[in-house]
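I opened this notebook to record what I looked up, entry by entry, in a structure that was new to me.

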Amino acid sequence: MTAELVLPVIFAGLMAISLLAYVILDGYDLGVGVLLPLGSDSERDTMIASIGPFWDANETWLVLGVGLLLVAFPMAHGIILGELYLPVALMLLGLILRGVAFDFRVKAQAQHQPAWNAAFAAGSLLAAGSQGVMLGRYLTGFAPGAAAWGFALLAGAGLTAAYVLLGAGWLIMKTEGELQQRATRWAQRALLGAGLAVLLVSIATPLASSRIATKWFVLPDFLLLLPLPLVTLALFGLLAVSLPRLAARQAAGNDNFCWLPFAATVGIVLLSFWGLAYSVFPEIVIGRLSIWQAASDPEALWVILIGAAVVLPTIIAYTVFAYRVFWGKARGLSYS
Amino acid sequence: MESFDPVILARIQFAANISFHILFPTISIAMGWVLLYFKTRFNRSGDEAWMDAYGFWVKIFALTFALGVVTGITMSFQFGTNWPGYMQHVGNVAGPLLAYEVLTAFFLEATFLGIMLFGRSRVSNRVHTLATFLVAFGTTVSAFWIIALNSWMQTPAGVEVIAGKVHVQSWLGVIFNPSMPYRLSHMLLASGLTVAFLVAGVSAYRWLRGDRAASVRAALKTGVTLAAVLIPLQILVGDAHGLNTFHHQPAKLAAIEGVWHTERGAPLLLFALPDEATQSNRFEVGIPKLASLIITHQPDGEIRGLNEFAGAHPPVAKVFWSFRVMVAVGVAMLLASWLAAWQLRRRGEPAPWLSRVLVAMTFSGWVATLAGWFVTEIGRQPWLVTGILRTADAASSVGGGMILSTLLMYLALYVVLLVSYVSVVFYLAKKAGTPAAANLEGVSA
């Protein structure tokens with residue numbers, strides 16, 4: 001086991017963890033952004049308040065993930081982001097729009113507030129959709145042709161649905177009363193889209209790549225991997241059953257287990273992400289480049305690894321602290 | 001569309017993105033410390049005026065920080081897309097420095113920002129002060145790493161180059177490379193001055209509108225005093241930075257001074273139109289021997305001219321004029337801040353005309369900071385990493401048409417955002433002065 005062999009695996013793992021953290025954390029706040037137009041004026045303020053203290057830090061996981069791609073796998077960074085130039089530009093446009101709209105909507109003149117609300121929702125939708133398209137393009141190895149692009153667009157819709165499900169789950173957990181009930185209905189609708197998306201990607205990915213197909217559909221691997229899709233399916237089933245029950249309980253003024261939809265959705269995201277990572281590993285640009293071919297020199301990776309080993313636990317500790325400070329139902333955000 | 005030169009377009013796009021980005025960190029670095037100062041004054045005295053000042057400026061800080069975060073995400077993507085050759089050749093240096101910036105600074109500031117902005121009623125006063133400190137500290141740590149990397153690109157040290165690739169021999173040598181202490185001090189002072197004039201300008205605006213709240217006076221005094229103290233320091237540090245450039249990047253210095261041919265007793269040029277075609281200046285107006293005196297501390301000291309760097313010197317006019325814009329703003333800052341400090345001492349308030357000058361200079365720090373970065377970044381050309389990697393050799397193969405269309409999109413967006421930002425800052429100032437302001441706090445972000 002030499003450093004050249006092990007370090008790229010460690011860094012691929014770190015990068016995957018960063019991107020997973022990003023998808024879950026920014027996923028819920030992007031989802032809330034997409035849902036914003038569905039809320040009433042006062043509900044919008046509560047929706048924003050539920051994500052206010054967190055979104056800056058949530059987006060930092062994207063900087064870390066892409067930063068790790070840049071510093072640990074520079075060759076892959078150039079190829080992947082060169083291929084994804086347009087969707088990346090659109091995603092950045094979306095992230096910039098929503099990030100600034102977040103602040104401008106309460107600070108600019110009142111008559112401009114609807115415009116900034118719209119910018120917040122549109123930016124969230126654009127960012128979520130672009131990320132899905134990026135995922136779709138990435139999984140096909142940037143294949144040309146209408147079918148590959150059609151798949152990418154479907155992935156865009158699918159990831160948006162997943163983010164909306166996360167966002168609705170977050171709102172069910174962090175709000176109460178009428179907004180919480182509406183969020184439950186939004187979650188039920190998003191569940192269908194997210195379910196279709198996971199199903200579609202699961203079917204299309206092995207069809208598109210025989211290498212991925214053989215990773216899954218040979219014995220005994222297939223049997224060992226079987227729990228992954230089965231648990232995912234069970235979590236979808238759990239959501240399908242529990243959401244209507246939660247709606248019934250809410251009507252009676254009881255929101256026990258309001259954290260369940262969000263937790264189950266996070267579970268689905270975790271398993272789906274694990275499935276994708278298993279499919280792709282050890283390649284980093286599908287069909288072109290393995291993580292070992294793309295990796296930086298071990299000398300640079302060692303230096304980063306030492307820093308990451310010290311700092312990442314600290315980051316996780318104070319992130320947990322920040323979430324605990326704002327634990328419980330969202331209240332109106334106030335600087336005082 | 002292939003007729004557009006992708007290297008030029010990639011440079012323009014990167015320059016546009018990084019120029020727009022730097023506007024916001026320039027404010028948030030020093031603003032974090034100013035907020036900590038307000039908070040500490042409140043903790044010590046219990047005087048609500050300081051907390052009011054904190055409450056007003058923390059909103060502008062939140063807005064600024066958000067713009068810094070979202071425009072910064074763009075940078076993490078463009079390092080690789082616009083300059084793939086960069087990591088390939090100098091990744092052993094740039095990779096760890098960028099990674100350390102994200103790990104040690106970005107998460108710290110972004111996470112504690114939430115508590116700093118919205119956590120006052122949820123944590124103890126002590127933890128809230130600590131959160132304010134950690135945010136300010138995080139912004140400064142971030143500046144430390146990125147300036148270390150930028151300075152290393154200007155004056156590389158601590159590495160050996162094998163087959164076009166750098167390998168680190170000494171990390172201390174890399175981080176504390178010859179220009180790093182100067183550039184870091186210069187940038188931190190620039191941030192301090194930008195914030196000082198922002199605080200002074202917005203407070204003067206409120207003062208002119210008849211807003212005599214104690215917090216306005218406190219902020220005005222803070223801004224003016226900070227500016228008056230920092231500007232002489234900045235002039236000293238700037239001079240030292242110039243001497244450092246003279247020793248380590250003589251081609252940049254020759255462009256700054258408009259010295260085409262090596263000469264002794266070079267004049268300090270106040271005005272000139274440098275002409276690349278004839279390798280000379282037109283319409284020179286200068287003070288004899290002063291450039292040599294400032295740079296070599298001898299009236300007949302020698303300044304190496306651009307002729308010694310044929311084919312490897314930066315575009316002269318851009319560097320020459322950016323430098324003069326920076327210095328001119330610096331001189332205006334000196335005059336305005338000292339006069340205002342003197343009037344505040346003597347009369348307790350600045351004269352209306354001077355208040356209007358301060359309002360006009362609200363964002364003067366941006367002009368000087370951008371001009372300064374233009375000097376140092378354009379002055380580094382044609383090198384991306386001096387003596388190691390040329391800019392052209394790091395450029396991307398992404399098509400010119402693609403870069404052009406996204407460039408236009410970014411530019412349009414930036415114009416809208418800049419106009420919105422400046423008008424919201426003044427709108428918040430106007431709103432804060434109305435009696436209903438206290439009730440309008442409400443839901444905010």
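**Where the chains meet**

Helices here are DSSP runs of H or I with at least four residues, strands are runs of E with at least two, and both are numbered from the N terminus.

**Before going on**

I remind myself that this is a predicted model, in which local features need pLDDT of at least 70 and side-chain atom pairs count only at pLDDT 80 or more, while totals for chains, interfaces and linings use all residues. Residues are numbered from 1 along each chain as its sequence is written, and chains are lettered from A and ligands numbered from 1 in the order in which they are written.

**Domains of chain B**

I found chain B divided into domain 1 (1-19 + 29-178 + 391-421) and domain 2 (180-248 + 250-379), with bounds that come from an automatic or database domain assignment. The C-alpha centres of these two domains of chain B lie 23 Å apart, and their contact takes 22 residues from domain 1 and 21 residues from domain 2. On the domain 1 side, the elements that give two or more residues are helix H1 (6-45), helix H2 (48-82) and helix H4 (125-154) of chain B. H4(B) gives the most to that side, with seven residues. I counted the classes there as 15 nonpolar, six polar and one charged.

**A helix pair in chain B**

How do H2(B) and helix H7 (residues 214-248) of chain B pack, and at what angle? Their axes are 8 Å apart and the angle is about 75°, the axes being lines fitted to C-alpha atoms over the stretch in contact, with angles running from 0 to 180 degrees between N-to-C directions. That makes H2(B) roughly perpendicular to H7(B), a label for angles of 65 to 115 degrees. In this pair, B:Ala49, B:Trp50, B:Asp52, B:Ala53 and B:Phe56 of H2(B) meet B:Ala214, B:Ser215, B:Ala218 and B:Ala219 of H7(B). The contact residues divide into seven nonpolar, one polar and one charged.

**The core**

I then looked up the largest nonpolar core, which has 254 residues; such a core is a set of buried Ala, Val, Leu, Ile, Met, Phe, Trp, Tyr and Cys residues joined through C-beta atoms within 7 Å. A residue is buried if 20 or more other C-beta atoms lie within 10 Å of its own, exposed if 12 or fewer, and partly exposed in between, with C-beta atoms placed from the backbone. The residues with the most contacts inside this core are A:Val100, A:Leu165, A:Ala168, B:Trp57 and B:Ala227. Helix H3 (residues 84-118) of chain B contributes the largest share of the core, 22 residues. Domain 1 and domain 2 of chain B both give residues to this core, so it lies between them.

**Backbone details**

Most residues other than glycine have a negative phi, and most peptide bonds are trans. I noted a cis peptide bond from A:Phe281 to A:Pro282, with omega near 5°, and another cis bond joining B:Gln381 and B:Pro382, with omega about 5°. A:Phe257, which is not a glycine, has a positive phi of about 60°, and I found this residue partly exposed, with 14 other C-beta atoms within 10 Å. B:His297, also not a glycine, has a positive phi of about 65°; B:His297 is exposed, with 9 other C-beta atoms within 10 Å.

Methods
Contact = placed C-beta atoms within 7 Å. Nonpolar A, V, L, I, M, F, W, Y, C, P; charged D, E, K, R; others polar. Parallel < 35°, antiparallel > 145°, perpendicular 65-115°, else oblique.
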